[in-house]
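User: I would like to learn how to read a few local features from a protein model. Could you take me through some of them?

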Amino acid sequence: MKDELIRYRVQLADPAGHRYAIRLTIAQPDPAGQTLRLPAWIPGSYLIRDFARQIETLQAHGAGGAVETRKTDSHTWQCAPADGPLTIDYTVYAWDLSVRGAHFDESHAFFNGCSVFLAAAGQESAPCLVELCPPDHATGWRVHTSLPRATGRPDCAAPHGFGCYRAPDYDALIDHPVEIGTPQSITFEAHGAVHELVFTGLAPRLDLERIAADARKICAAQIELFEPRTARAPFLDSAERYVFLTTITGDGYGGLEHRASTALMISRRDLPVRGRDAAPEGYETFLGLLSHEYFHTWNVKRIKPAAFAPYDLRRPNHTRLLWVFEGFTSYYDDLMLLRAGVIDEPAYFKLLSRTLDQVLRSGGRLKQSVAESSFDAWTRYYKQDENSPNALVSYYTKGALIALGLDLEIRERSGGARSLDDVMRLLWDRYGRGFFQGRPKGVPEDALPALIREATGVDVSGFLARHVEGCEDVPLKPVLARAGIALSAGPENPRPTLDVRTRPDAGGLRLATVYEHGPAHRAGLSAGDLLIAIDGLRITDAASLDRTLDQYQPGDRVTLHVFRRDELRHYRARLGRPAALKHRLERRAGRSAAQGKKAPS
Ligand code: ZN
């Protein structure tokens, strides 16, 4: 068999120093001088991350010996003209324990291709071969990845083994993260497709069977949503199986989607333990995260905005549609838990009310639309600061409420015949299925109004103008009521408020955010101020602030002592009514299930 033109060898070289040693061999380099490039960002996480800054050393060799290289920008190297094959040896520092980067120590190795695989410019569509080498310092390590093995070659890796893997092009190569080590794992099938759950990190008595049983139901329900006729899993166009790569830490949380896998990070306390009937409260959070990333296998990995088809990995790719790709995904992640039967309706309503609490808490929703928030994700949503709650709206959470509002509106106006599911299926038919098989077409920026009308017969252009392009809140209460669900809201507690977000700090309580138009804002306080006393009573932490405020009524005037930098200042504030609302959703008594059938299910 002909050798691939682009070949990578990955050595786990220095576990104590966290270094990978990579050799890239380009069989037919550009005769004018080969350009090499590392992505500036990783798809799914919309921030310039400059992965190239972790490349420590780089040397190139051609047929005639050493080849001169120089950097031409932050992510790019230019090699002098040389006869092939061209070999590039480089080291990558890997000490970023996140779902986005690369990590390596004596216990395991994890990497995303964006951190370790230099692209040979001009040959991005060439097939790639990857040789993974076993570590010198440990035995018994296994490889967990959705990257297909290089079957048919003598050096092909055995299942979970070291040796050769392959990718059809560079885009695929960097879309299959790799975990190497001795993690706990379990496989399950959903509609005949193999899924693997992998857990790295200490977690004694982890209840793998329970997680696999719940994950199987969630994956099956999602496959049925998109492919009710064939029940074909989406990732079979790219891999033999889907892999959930989960890193367990003390208090981590995060996920990043890929075409046939996902990298997750979760807190140990959110995972179920063998021999205990009740799962921890946070287990729903983990299942919601798993459901979210799996839903992306359709929505954003294959159904994509046109701006991502293809990605330009050198610079930000702007789209006004992340409210569809993240917002709709955030709506369906919890809804699929309900449909799969892993949570009941009251539990689902609780998750939904939490989303309402979050969206309505921040005044930024009245200044920025979700379309604008999508477009500016790179410089605003991904670069949040103390003022973000006053200035931004989340295309995740408000996007989820928009999806709920659309779903209810479509169900009502079509007499229960259509729903948002029909929109997802039309998106899948038109843009998603076949994306990796020669139909790489993205969703145009202005496609949604016509597409929703085509899928459902319902014209929602006014709704989208008000709630997507405009900043109006989605009026859920009346449409939920007509679907048999009562939505109510009340203050979290009766305590008067300064309307601030705080964080603990030595010597007092640090103001993390001062909400606009609240008592603290009107009094002149600022994020970053260290609150030390109210009316002469010392404030040491959030609990002492609460105890002190409990002595007052809304409208009372108080004197606040704060340190701004190292200067003691005092301010007069008039305490306000509780600002944070708690929402509640309940199915109305007396409504039969049949009457309530327009509610999302
Ligand atoms: Zn997402």
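Analyst: What follows covers helix packing, cysteines, one loop, and backbone geometry. Keep in mind that this is a predicted model.

User: Let me start with helix packing. At what angle do the axes of α6 and α10 cross?

Analyst: Helix α6 spans residues 345–361 and helix α10 spans residues 397–413; their axes cross at roughly 125 degrees and come within 9 Å. Angles over 145 degrees count as roughly antiparallel and 65 to 115 as roughly perpendicular, so α6 is oblique to α10. The crossing of α6 past α10 is left-handed.

User: Which residues of α6 and α10 meet?

Analyst: On the α6 side they are L352, T355, L356, Q358 and V359, and on the α10 side T397, K398, A400, L401 and L404. By residue class, this contact of α6 with α10 holds 6 nonpolar, 3 polar and 1 charged.

User: How do α5 and α6 pack, and at what angle?

Analyst: Helix α5, residues 322–339, has its axis 9 Å from that of α6, and the angle between the two is about 170 degrees. The cut-off for roughly antiparallel is over 145 degrees, which means α5 is roughly antiparallel to α6. Here α5 passes α6 in a right-handed crossing.

User: Which residues of α5 and α6 make that contact?

Analyst: Y331, D334, L335 and L338 come from α5, and they meet E345, Y348 and L351 of α6. The contact of α5 with α6 divides into 5 nonpolar residues, no polar ones and 2 charged.

User: Is C79 buried or exposed?

Analyst: The cut-off for buried is under 20% relative accessible area. C79 has 2% relative accessibility, so C79 counts as buried. C219 is buried as well, because its relative accessible area is 0%.

User: Where does A82 lie?

Analyst: A82 sits in the loop between β7 (76–79) and β8 (86–93). Setting aside neighbours within four places in sequence, A82 contacts P29, G62 and V67. A82 and G490 are 408 residues apart in sequence, and their C-alpha atoms are 71 Å apart in space.

User: Which peptide bonds are worth a look for their omega values?

Analyst: As a general rule, most peptide bonds are trans, and most residues other than glycine have a negative phi. The bond from G84 to P85 is cis, with omega near -5 degrees. P85 is in the loop between β7 and β8. A309 and P310 are also joined by a cis peptide bond, with omega about 0 degrees. P310 is found in the loop between α4 (283–295) and α5.

User: What is phi at V300 and at D535?

Analyst: V300 has a phi near 125 degrees, a positive value in a residue other than glycine. V300 lies in the loop between α4 and α5, and its 3% relative accessibility means that V300 counts as buried. D535 has a positive phi too, near 50 degrees. D535 is in the loop between β24 (530–534) and β25 (537–538). With 35% relative accessibility, D535 counts as partly exposed.

Definitions and conventions: Residues are numbered from 1 along each chain as its sequence is written. This is a predicted model: local features need pLDDT of at least 70, side-chain atom pairs count only at pLDDT 80 or more; totals for chains, interfaces and linings use all residues. Side-chain values use heavy atoms; hydrogens and water are left out. Axes are lines fitted to C-alpha atoms, for helices over the stretch in contact, and angles run from 0 to 180 degrees between N-to-C directions. Helices (H or I, at least four residues) and strands (E, at least two) are DSSP runs, numbered from the N terminus. Angles under 35 degrees count as roughly parallel, over 145 as roughly antiparallel, 65 to 115 as roughly perpendicular and the rest as oblique. A crossing is left-handed if the near helix is turned anticlockwise from the far one by less than a right angle, and right-handed if clockwise. Contact means heavy atoms within 4.5 Å. Ala, Val, Leu, Ile, Met, Phe, Trp, Tyr, Cys and Pro count as nonpolar, Asp, Glu, Lys and Arg as charged, and the others, Gly among them, as polar. Buried means under 20% relative accessible area, exposed over 50%, partly exposed in between (1.4 Å probe, protein chains only).
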